[in-house]
Structure formats: structure tokens, C-alpha cells
Amino acid sequence: ARLFEQAIASSPERRGELLLEYADQLFYSGRPAEAVPLYRERLADSALDPASRQRAGRSLAFALLWSSGFQDAVGAWEEILRASPDDAEARKALSDALVGLARQTAERSQNADAAALFGRAISTAPERRQELLPEYAEQTSYAGQPAQAAPLYREALRDGSRPEDQQRRLRRGLAFALLWSGQFPQAATAFEDVVRQDPNDSQARQGLADARAGTERRPAPAGPGAGGPPATPPAAQPASPADAAVAAAREAAGRGANKEAASLFERAIGLNPGKRAEIAREYADQLAYSGEPGRAAPIYREVLARRDLPVADRPQVNRALAFALLWSSQFREAIEAWSAILQADRRDDEARKALSDAFIGAARQTAQRARNADAAELFRRAIDTAPQRRQELLPEYAEQITYSGDPARAVPLYREALRQGDRPEAERRRVRRGLAFALLWSSQFREAVPAWQAILRENPRDDEARKALSDALVGAAR
């Protein structure tokens, strides 16, 4: 990328000729956000030939996706998919863009919009339904539609292959959805199951109490002798404005209005700073759920620093802190937090997945700073942590090894990735191209020649492949 930049600076008249290759190299070196405006500049050239335009459009769509420009990525991949409805790689990429946009939207507490985006992601790639159902159900519930969320939770729970930790989280989500939608008897039964599995879950215990109280308050059917005083006396009024704010915050949290709940907890602390210790954890939870995990993290740390924190509560707060660090992209600290949790229980599948997510996030951040060797090591650790993700991560792992100046070591990784027969053909083409470059850059010219010939047969107008084949032939001749 640096050399292309120098070439363009020294010969500005060649900018159009070199721009696409320059953008590609920025993209491949882990700087997709910088590549985006260059791809757009190239696409604005009306003289660009159709094959180059198609390649630049696809590269732009990937750069938008990998730089978290999900809103624009959705539009770009939708356009590609309209032109080629059978393009499996484009369908998966569009689904990824919709999921990324849904999560960004959820972080802004726009839960109804987030739920709709998760629904579109599932419609785009139905094979991902079970993977995305938990988040879809959560956002539906937080959007004020807990009754619609309950069957989604139940559907997710029918997948018996989920890890037990994830099953517990889904059962808990279902219990709250039943409670918030006024289905008190079913909610009480669901919470009894949750509390039986984790008696130290204070929120679930409170949910169980609320569900039982709701069941008792339900009016009896009208009939002879109906009437008389209400079965439940009016609730006592809070003792102070701060108590009123806390009560209102808990009510808002109970119906999934997390941003409102966080604001009310903050108001309660402002009215009576002495309340902070009592409600700090609830305040942090609502910040995290309302899309502000970065603000929640220091409050969780504050809670953990208290000497009076019950021993039984400490693991839950540590876990909440670990999620807040992960969700706020503080990946290095998240790695440390999830490593400690996993060390305490090696069978904790949720922690194992979260730790691998933290390694991947750190790897991608590191790659964006062009520290490719460090990024490759982080991808390796992600694979070691969750070996079942090896095939998913092999292409990025191989790319970072290549860009770190060790293409020979990347060659067997690309070949391993290609042995997975169920990769979409478009993704296989991308891996084959990576392998061809790795062979060329590691001076394995005799193997690079047929690799580039195969790529050129698929697209005879691929100028980059034609140049690479020429380089390989020259190298082999020498």
C-alpha cells in the first residue's frame, strides 16, 4: 500500500490506473475504512470497464462491512444480490451487515428497529435462524413486545444442541418476557426453574416474587357474591424523591425500557448519593443493556471493589463486567476478564465463546493498525480457545500471516481452508486468490503459475490476476 501511495504521488497522472490496486492493498493490510473512499472514487469513473466495476463494487461492499459501515454495506450487498440472486457469498455478507447494523441499532436503544433488522437478517439467511433467535427475541422483548418474544425464546430453547449456559440465559429471557407481558402463572413457573438452577440470581428471585404477586392480583371470574374490597391494598408510597426514582427505574427496567431505567437510576443517585452503593449494580446493568457498556464497566468495577459485596454475587458481577468490556470493544481487558472466568470453570461454553470473540475483536483492531504479526497471533489464540471456529477464522488468520511477511507459512492454512467442501463458491474463490498470492510472494513460482491460471480461466478480464500470472511465469523461468 505504501509503494502504491508513493507511485501515485510521483506520477499523479497514473492515479486512475493504480487506484484500485492501492485500495485493495489498504484493504488487505487491515485498513478497510481508508479503502472505502478510494473504491468510491474509482467507481465514479464512467470509463471504468464492466469487469473492473463489478470487482470494485464488491470490494467496496466488503470494505464497508469490515469497517463496520453496516448501513452502507447493507445497500451495497443488496445491490450485488439483486444482480446475482444465487451469490451465496453476497447473501451471507448481507446477513452479516444486517446483524452488525442490528447490534449498532440496539446499542442506541432503538430496540424495535434492531428487532426488525434481526428479522431481515434471518430472512436473508434462514440457515442462521437458530444462531440469531436469542438476539431477535431479546430485542423484540426490549421493544415493548414481550408477548411476541416469548414464542421466539421457546423456539430457540427447542434447539437441544445449545450449550447449557446459553439455555439458561434463554430460559431467563423467556421468564422475563412472560412476566413483562402479564402471563404471571407461566412466568412464575419459568422463574422457579431459573431460581432452582441458580438460587443466587437476585433478579430472578425478584422476578419470581413479582410473578407470584401478579398471579395473586389477577381478578377472579365474576359470579355470585363477587364484589367487596380489593384483594390487594394499594402499594405504599415511596418515602422520598430518590426512592420514587428507584421505584420508577425498576418499573422501567421491568418493561425493557433500559435507557429510561438508567436515567432514573442516575437521577436517584443525584438526589441521594447515599443510594449509590445500593443501586450501583442495577444502574450498571441498565447502562449496559441500553447500549452504553463503556459507561457500565467502571461502575461494575466500583461494585467489585466493595468489601460488603456478597461472595455469591461476585461471579455474576465479574461476568457482567466482562460482557461490558467485550460489548464496548475494550478487547484487551475483555480477554483478561474472560480468561479468568474460563480458568474458574473450563466447561463454561459461553465464556469460551466470549473469550474467542474478544481475541477476534483484538485481532481485527490490531490488523487495522497494520500490526499483522500481532493480529495473526491473536487469531491463533482465538482458534485455540474455540477450536470449532477454526474453519471460520482460517482465511483471516492466513491473510494476517501473509501480510506479516511470512506467506510461506500461510500457504498450508489456505489449503486447509480450501479442504472444507461446504464453503460457498464465492468464498472459495477468495481463499484460492489468497493462496495464489501467498505462493507468488513466497517465491513458490511453479505452484503459483497453475493457481493464477485457474483464477484467470474463471475471469479472463481480471487484470490483477493476469499481472500476477506474468510475475509467476517470470519467476519460474528464472
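## Loop residues with positive phi

Ser68 is found in the loop between α4 and α5 (70-83). Helices (H or I, at least four residues) and strands (E, at least two) are DSSP runs, numbered from the N terminus. Ser68 is not a glycine, yet its phi is positive, at about 65°. Its relative accessible area is 38%, so Ser68 is partly exposed; buried means under 20% relative accessible area, exposed over 50%, and partly exposed in between (1.4 Å probe, protein chains only).

The model is predicted: local features need pLDDT of at least 70, side-chain atom pairs count only at pLDDT 80 or more, and totals for chains, interfaces and linings use all residues. Residues are numbered from 1 along each chain as its sequence is written, and side-chain values use heavy atoms, with hydrogens and water left out.

Ala370 lies in the loop between α19 (349-368) and α20 (372-385). Ala370 is a residue other than glycine with a positive phi, near 65°. With a relative accessibility of 37%, Ala370 counts as partly exposed.

## Helix α5

Helix α5 has 14 residues, which should span 20 Å at 1.5 Å a residue, and its end C-alpha atoms are 20 Å apart, in agreement. The expected span of a helix is 1.5 Å times one less than its number of residues.

The buried residues of α5 are Phe70, Ala73, Val74, Ala76, Trp77, Ile80 and Leu81. Their cover includes α4, α6 and α7 (111-124).

## Helix α23 and Leu435

Helix α23 (residues 425-441) has 17 residues and reaches 24 Å from its first C-alpha to its last, close to the 24 Å expected at 1.5 Å a residue. Of these 17 residues, 12 are buried, so α23 is largely enclosed by the rest of the structure. Charged residues are among the buried ones, including Glu427, Arg428 and Arg433; Lys and Arg count as positive and Asp and Glu as negative, while His and the chain ends are not counted. The buried residues of α23 pack against α4 (50-66), α6 (88-107), α21 (390-403), α22 (407-418), α24 (445-458) and α25 (463-477).

Leu435 is found in helix α23 and counts as buried at 10% relative accessibility. Not counting residues up to four places away in sequence, Leu435 touches Val411, Tyr414, Arg415 and Leu418; contact means heavy atoms within 4.5 Å. Leu435 and Thr402 are 33 residues apart along the chain, and their C-alpha atoms are separated by 9.4 Å.

## Nonpolar cores

A nonpolar core is a set of buried Ala, Val, Leu, Ile, Met, Phe, Trp, Tyr and Cys residues joined through side-chain atoms within 4.5 Å. In soluble globular proteins, nonpolar side chains tend to be buried together. The largest core here has 81 residues, and Tyr300, Trp338, Tyr397 and Trp452 have the most contacts inside it. Beyond its neighbours within four places in sequence, Trp452 is in contact with Arg433, Ala436, Phe437, Leu440, Ala465, Ala468 and Leu469. A second, separate core of 41 residues includes Leu26, Ala35, Leu81 and Ala97.

Val99 is found in helix α6 and counts as buried at 3% relative accessibility. Leaving aside neighbours within four places in sequence, Val99 is in contact with Phe118, Ala121, Arg128 and Leu132. Val99 and Ala376 are 277 residues apart in sequence, and their C-alpha atoms are 25 Å apart in space.

Thr189 is found in helix α11 (residues 184-197). Its relative accessible area of 51% makes Thr189 exposed. The C-alpha atoms of Thr189 and Arg212, 23 residues apart in sequence, are 9.3 Å apart.

## Whole chain

The chain has 25 helices and zero strands. Its C-alpha trace spans about 100 × 50 × 40 Å along the principal axes. Of the 478 residues, 48% are buried. Among contacts with a separation of 6 or more, 49% are accounted for by residues 24 or more positions apart.

The chain exposes about 23,800 Å², of which carbon and sulfur atoms supply 51%; accessible areas come from the Shrake-Rupley method with a 1.4 Å probe, and for residues only the protein chains shown count as cover. There are 69 positive and 67 negative side chains, and the centres of the two sets lie 1 Å apart.

Definitions and conventions:
Charge placed at Lys NZ, Arg CZ, Asp CG, Glu CD.
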